[in-house]
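I'm opening my notebook on a new structure today. I want to see what the chain is built from and how some of its parts meet.

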Amino acid sequence: MNPHFLYNTLDMIYWMLDEEGNEQLGELVLSLSSMFRYSSHWEDGAEVTLAEELEQTGHYLAIISIRLEGRLKIVTDVGEHWLGIKVPKMTVQPVIENAVKHGLEPLDRQGILKVYTCEEDNILKLVIEDNGNGMTETELQHLLDSLDGRGPRESGKSGIGLQNLHRRLQHMFGESYGLQIQSYPGTGTRVSILLPLTGEGDLIT
């Protein structure tokens with residue numbers, strides 16, 4: 001199917017819903033259209049600004065928030081001075097998808113997803129943290145081993161997504177970068193995306 005046909009159709013549905021006053025469903029369709037536009041122009045090695053990546057992630061979270069019917073609280077604290085840096089396209093969404101699917105969706109209580117940044121030794125840490133189910137020590141070690149190629153590849157789509165992202169970041173910037181994961185059963189998971197700020201992999205615009 002021609003992607004432009006899909007975009008135009010979704011936009012048409014949005015305007016029809018807007019005319020009928022169905023704002024929530026209209027916003028869902030608009031977010032879905034934006035996600036299709038963004039992902040359809042993805043290629044390995046493509047770079048975008050952090051602002052663009054977070055905007056795309058916002059569309060995904062808008063859809064998830066509607067689906068979870070108010071059971072998800074989203075907290076963001078990303079310094080404006082970081083928004084112009086360049087990051088590999090589709091860096092943030094795989095991590096958030098994993099947090100939502102495995103940590104937050106199964107909860108029978110209020111879920112909280114935090115997205116924030118911090119700087120440490122010329123490394124920018126883009127952190128995605130949830131208060132979800134978390135992982136046991138064995139499950140976490142299995143995931144960490146699979147990221148570093150010491151264990152079997154994860155069979156689940158989300159696990160593969162994290163492995164591919166980790167290896168893509170290390171290929172682009174070096175072994176000091178990639179994903180850093182901490183998780184505790186019943187408490188939640190914190191994934192830090194480590195990006196270079198200076199040197200050969202300089203991401204500052």
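Here are my entries, from the whole chain down to single contacts.

**Entry 1: the whole chain.** I'm working with a predicted model, so I keep that in mind. I looked up the secondary structure and found 6 helices and 7 strands. Following the sequence, I wrote down the order α-α-β-α-β-β-α-β-β-α-α-β-β. The chain has 205 residues, and 43% of them are buried. I also checked contacts between residues at least 6 apart in sequence: 66% of these join residues at least 24 apart.

**Entry 2: two helices.** How do H2 and H3 pack? I found an angle of about 140° between helix H2 (residues 23-40) and helix H3 (residues 50-67), with the axes 9 Å apart. Roughly antiparallel would need an angle over 145 degrees, so I call the two helices oblique to each other. The crossing of H2 past H3 is left-handed. On the H2 side I noted Leu-28, Leu-32 and Met-35 among the residues in contact, and on the H3 side the list includes Tyr-60, Ile-63 and Ile-66. Sorting the residues of this contact gave me 8 nonpolar, 5 polar and 2 charged.

**Entry 3: the core.** In soluble globular proteins, nonpolar side chains tend to be buried together. I went looking here and found that the largest nonpolar core holds 44 residues. Val-95, Ile-96, Leu-113, Ile-128, Leu-179 and Ile-193 have the most contacts inside it.

**Entry 4: one residue up close.** What does Ile-193 touch, leaving aside neighbours within four places in sequence? My list includes Val-92, Val-95, Leu-126, Ile-128 and Leu-179. Thr-91, Lys-125 and Gly-178 are also in contact with Ile-193.

Note on methods:
Residues numbered from 1 in each chain as written. Predicted model: local features only at pLDDT ≥ 70, side-chain atom pairs only at ≥ 80, totals over all residues. Heavy atoms only, no water. Axes fitted to C-alpha atoms, helices over the stretch in contact; angles between N-to-C directions. Helix = DSSP H or I, 4+ residues; strand = E, 2+ residues; numbered from the N terminus. Parallel < 35°, antiparallel > 145°, perpendicular 65-115°, else oblique. Left-handed = near helix turned anticlockwise from the far one by under 90°. Contact = heavy atoms within 4.5 Å. Nonpolar A, V, L, I, M, F, W, Y, C, P; charged D, E, K, R; others polar. Core = buried A, V, L, I, M, F, W, Y, C linked by side-chain atoms within 4.5 Å. Buried < 20%, exposed > 50% of the residue type's maximum accessible area, 1.4 Å probe, protein only.
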